[in-house]
Amino acid sequence: MASSTLDRDAILRIIRDWSPDEQLALAQAILQQMGTPFIEEPLAPPDSRGLAGLIANGHTPPTDEEVARWLDEQCMEQYGKQRAI
């Protein structure tokens, strides 16, 4: 590992005074340099109860009919019969 004139703690002290946008830009640059893709999580409203993941992929959520069909298909594959409703 290459030696540096600033150690980790010194760097953290310096960037602590930066704006959140500047800190985020630095984090993105570090991840990009490492070859790690940066995935920005959507900001979820407090009442979403973790549902932000459903829209994170850019697709619309499945309809009730699609989910019912998927469940029926899964039951057919596993048990050879449709689920009892």
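1. Starting with a side chain: Arg69 comes out as partly exposed, at 40% relative accessibility. Keep in mind that this is a predicted model. The partner of Arg69 is Glu73, and their side chains meet in a salt bridge at 3.3 Å, N to O. Glu73 is also partly exposed, with 39% relative accessibility.

2. Both Glu73 and Arg69 sit in helix H4 (residues 64-79), four residues apart, or about one turn of the helix. An α-helix has 3.6 residues a turn, so residues three or four places apart point the same way. A search of the whole structure turns up one salt bridge.

3. On the overall layout: the protein chain has four helices and zero strands, running α-α-α-α from the N terminus on. Of its 85 residues, 7% are buried. The accessible surface is about 8000 Å², and carbon and sulfur atoms account for 57% of that.

4. There's a nonpolar surface patch worth a look, about 330 Å², made by Leu6, Ile11, Ile14 and Trp18. Trp18 belongs to the loop between helix H1 (8-15) and H2. With a relative accessible area of 33%, Trp18 counts as partly exposed, because the partly exposed class runs between the under 20% of buried and the over 50% of exposed.

Notes:
Residues are numbered from 1 along each chain as its sequence is written. This is a predicted model: local features need pLDDT of at least 70, side-chain atom pairs count only at pLDDT 80 or more; totals for chains, interfaces and linings use all residues. Side-chain values use heavy atoms; hydrogens and water are left out. Helices (H or I, at least four residues) and strands (E, at least two) are DSSP runs, numbered from the N terminus. Buried means under 20% relative accessible area, exposed over 50%, partly exposed in between (1.4 Å probe, protein chains only). Accessible areas come from the Shrake-Rupley method with a 1.4 Å probe; for residues, only the protein chains shown count as cover. Patches are made of residues with over 30% relative accessible area and no salt bridge: like charges are joined within 9 Å, nonpolar side chains (Val, Leu, Ile, Met, Phe, Trp, Tyr) within 5 Å. A salt bridge is a side-chain nitrogen of Lys or Arg within 4 Å of a carboxyl oxygen of Asp or Glu.
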